[in-house]
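Here are some notes to read alongside the model, written as numbered points. Keep the structure open beside you and find each place as you come to it.

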Amino acid sequence: MKNLLCFGDSNTFGTNPAQPGTRHPFGVRWTGRLATMLNPEWRVIEEGMGGRTTVFDNPLEPQRAGIQALPIVLQSHRPLDCAIVSLGTNDLKEIFHASPRTIAAAAEQVCAAIRDYPYGGCGPAPKILLVSPIAVKPGISRSPYVGFDEDAVERSHRLAPFYREVAERNDWMFLDAATVAEASDVDKLHMDPENHARLADAIADILRIEFTD
């Protein structure tokens, strides 16, 4: 059995855009669909959290920096065969003033922390799939989820090339989620069931190719 860590934000958690504050059922979330598609060869570990950033501390949403959570997560779930990192959307919030290049560099730090963690007898380090997030949509500044200005839309569309460069330089797998899925028109931020399914399909295809013996 292979162990797969899915480390992300509210779209990994499965926040339901149609009902703010609620969560899609397990079988609807991309992580849950992936578990069904890959079973019985894989154990999928969900580690999604609303508001999670790559490395940035948000005083309005404390304890959300992904890189700070990683040591506990990795210690708890090792050994790991693969880790999916899907972060960056919350880095677009106005409070951080982060460029796409800066956000990609922060995502690289998170992936490097996974690669370099001392797994001890539960090694080696897992393979890494870096996912550039879906784009946020116009109107995000009026979304129920505060913190985004409208310029987040344009910056979200420029993330993928920087993420791809990071992945290629480090020999990590890469997926531009915006090529297969999109945010709901309801809250401009979170995926509906159809788009969770599309993302799960794309990730499953990558993993099947990478881990084919």
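1. A word on classes comes before anything else. Ala, Val, Leu, Ile, Met, Phe, Trp, Tyr, Cys and Pro count as nonpolar, Asp, Glu, Lys and Arg count as charged, and the others, Gly among them, count as polar. With that in hand, look at the largest cavity, whose lining has seven nonpolar, four polar and one charged residues. Please keep in mind throughout that this is a predicted model.

2. Let us stay with that cavity for a moment. The count comes to one cavity of 30 Å³ or more, and the volume of the largest cavity is about 90 Å³. Which residues line the largest cavity? They are D9, N11, T12, W30, S86, T89, V131, P133, I134, A177, M191 and L199.

3. The largest pocket holds about 360 Å³ of space. Its lining is made of 22 residues, and those closest to the centre of the pocket are G51, E61, K93, Y145 and V146. By class, the lining of the largest pocket has eight nonpolar, 10 polar and four charged residues.

4. The second largest pocket has a volume of about 160 Å³. Ten is the number to look for here: 10 residues line this pocket, and E41, W42, L207, R208 and F211 are the ones nearest its centre. Two or more lining residues come from each of α2 (30-38) and α7 (193-210). The lining of the second largest pocket divides into five nonpolar, one polar and four charged residues.

5. Those two helices deserve a point of their own. Two packed helices are described by the angle between their axes and the distance between the axes. For α2 and α7, the angle is about 45° and the axes are 8 Å apart. That makes α2 oblique to α7. The crossing of these two helices is right-handed.

6. What meets what between α2 and α7? From α2 come W30, R33, L34, M37 and L38, and from α7 come H196, A197, L199, A200, D201, I203, A204, L207 and R208. By class, this contact has 10 nonpolar, one polar and three charged residues.

7. Now turn to helix α4 (residues 100-116) and helix α6 (residues 159-170). Their axes come within 8 Å and cross at roughly 35°, and α4 passes α6 in a right-handed crossing. On the α4 side, the contact uses P100, R101, I103, A104, A107, E108 and R115, which meet L159, F162, Y163, V166, R169 and N170 in α6. The residues of this contact divide into eight nonpolar, one polar and four charged.

8. Helix α4 has another partner to look at, helix α3 (residues 66-77). Here the axes are 10 Å apart and the packing angle is about 20°. Angles under 35 degrees count as roughly parallel, and α3 and α4 are therefore roughly parallel to each other. The crossing of α3 and α4 is right-handed.

9. In the contact of α3 with α4, I67, L70 and L74 in α3 meet Q109, V110, A113 and I114 in α4. Sorted by class, the residues here are six nonpolar, one polar and no charged.

10. Most residues other than glycine have a negative phi, and most peptide bonds are trans. Against that background, the peptide bond from R78 to P79 is cis, with omega near 0°, and P79 lies in the loop between α3 and β3 (82-86). Another cis peptide bond joins G123 and P124, with omega about 5°; P124 is in the loop between α4 and β4 (127-132).

11. Where is H97 found? H97 sits in the loop between β3 and α4. Though not a glycine, H97 has a positive phi of about 50°.

Key:
Residues numbered from 1 in each chain as written. Predicted model: local features only at pLDDT ≥ 70, side-chain atom pairs only at ≥ 80, totals over all residues. Heavy atoms only, no water. 1 Å grid on protein atoms, 1.4 Å probe; cavity = no way out; pocket = protein on both sides within 12 Å on 5 of 7 lines; lining within 4 Å. Points joined across faces, edges and corners; volume = space filled by probe spheres on them. Helix = DSSP H or I, 4+ residues; strand = E, 2+ residues; numbered from the N terminus. Axes fitted to C-alpha atoms, helices over the stretch in contact; angles between N-to-C directions. Left-handed = near helix turned anticlockwise from the far one by under 90°. Contact = heavy atoms within 4.5 Å. Parallel < 35°, antiparallel > 145°, perpendicular 65-115°, else oblique.
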